[in-house]
Amino acid sequence: MTGTVPAPFTADDYAARMERAARQAAEAGLAGLLVAPGPDLVWLTGYTPTAVTERLTLLVLAAGRDPVLVVPALEAPDAARAPGAPAVTLRDWTDGKDPYAATAALLDTGGRFGVSDNAWALHLLGLQGTLPGTSYASLTEALPMLRAVKDAAELELLAAAGAAADAAFEEIREVAFAGRRESDVAADLAASLRRSGHSQVDFTIVASGPNGANPHHEVGDRVIERGDMVVLDFGGLKDGYGSDTSRTVHVGQPTDEERRVHDLVREAQEAGFRAVRPGAACQEVDRAARAVIADAGYGAYFIHRTGHGIGVTTHEPPYMIEGEEQPLVPGMCFSVEPGVYLPGRFGVRIEDIVTVTEDGGRRLNNTARDLVIVD
């Protein structure tokens with residue numbers, strides 16, 4: 001798949017993200033944020049250590065203070081080359097020195113800090129031992145919407161990732177299914193994603209026949225048979241941003257019931273999409289999709305939330321689920337993916353990534369939602 005190369009994020013972009021994160025932390029009553037290697041650090045600074053080890057790497061953010069990135073001395077040259085490095089102060093520490101004492105000097109001794117979810121317990125306990133008056137909350141708990149609202153450049157990257165996943169589906173629908181193992185088709189799908197520009201393939205679910213009743217089926221050696229319904233759920237990262245889409249295909253002609261269930265899920269997916277609008281609560285998207293399936297008598301077979309956020313990871317807040325009252329805001333991106341799963345028989349799921357616009361929603365996946373017949 002060809003296309004223009006996206007413009008890289010600049011140091012100013014990363015500085016603005018760090019400033020916003022520090023401000024939101026203060027508004028949430030936190031003394032600051034402590035961000036370990038992982039998706040939050042990538043989003044805030046563009047820095048990914050070549051290896052994540054027991055050596056402490058930590059970004060310290062607090063309102064009114066310059067961002068500081070604490071890094072091992074042997075990794076400082078790499079950190080200095082990160083695109084967001086001009087917006088941070090690097091503070092390195094050498095082996096044999098105490099990294100927690102070096103970090104503690106940057107923290108309020110009695111403060112409560114938000115900590116990125118993938119921080120190592122080793123490091124958090126080390127900080128607690130050095131500063132016993134501090135307390136901590138997970139970043140997802142403290143600032144769940146930190147990365148939720150995408151700017152124009154991020155939306156462009158997510159749209160490109162969605163288009164690339166669509167291209168992979170158009171390829172996979174033309175391959176042979178009958179008589180081949182699920183793992184064979186999954187390998188074809190992964191290759192298609194890479195050809196479409198994905199640098200990372202996170203999942204390629206190929207769930208045939210009764211395996212389709214398991215939403216997170218692990219691809220296996222089952223041979224796909226003529227007459228099978230097959231759930232395809234696949235995605236990964238392209239230029240640092242995620243794709244995730246699902247389509248359900250049928251090998252040969254479907255039965256009337258299979259077609260009816262597929263039409264039902266398609267109607268539910270459309271209802272969920274039409275519920276997307278600024279100010280609506282996340283749970284309203286779930287309710288709209290779920291009501292269609294429940295009214296048709298299949299409510300017990302829709303066994304997961306309707307959607308999840310997507311960005312620099314393929315799963316992140318916000319979540320389209322009952323009880324989530326977070327209002328939708330233009331720039332949020334998430335999946336709308338209702339399904340029906342009939343144990344021992346078959347499953348159907350249809351999924352698009354959707355972004356909230358000023359007056360509704362826009363799909364980032366645009367392949368056919370009708371039941372596709374494959375060979």
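**The cavity and helix α5**

Modeller: The largest share of the lining of the largest cavity, three residues, comes from α5 (helices are DSSP runs of H or I, at least four residues; strands are runs of E, at least two). This is a predicted model, where local features need pLDDT of at least 70 and side-chain atom pairs pLDDT 80 or more, while totals for linings use all residues. Numbering starts from 1 along each chain, and side-chain values use heavy atoms, without hydrogens or water.

Biologist: What volume does the largest cavity have?

Modeller: About 40 Å³. A cavity here is a set of points on a 1 Å grid where a 1.4 Å probe fits but cannot get out, with lining atoms within 4 Å of a point.

Biologist: How many cavities of 30 Å³ or more are there?

Modeller: The count comes to one.

Biologist: Which residues line the largest cavity?

Modeller: Leu 34, Leu 56, Leu 58, Val 115, Ala 119, Trp 120, His 123, Leu 124 and Leu 127.

Biologist: Switching to α5, which of its residues are buried?

Modeller: In α5, residues 121-130, they are His 123, Gly 126 and Leu 127 (buried is under 20% relative accessible area, exposed over 50%, 1.4 Å probe).

Biologist: What do the buried residues of α5 pack against?

Modeller: Strands β1 (32-35), β2 (58-61) and β6 (135-138), plus helix α4 (99-104), with contact meaning heavy atoms within 4.5 Å.

Technical notes. On a 1 Å grid over the protein atoms alone, a cavity is a set of points where a 1.4 Å probe fits but cannot get out, and a pocket is an open set with protein on both sides within 12 Å along at least five of seven lines; lining residues have an atom within 4 Å of a point. Grid points are joined across faces, edges and corners, and a volume is the space filled by probe spheres set on the points.
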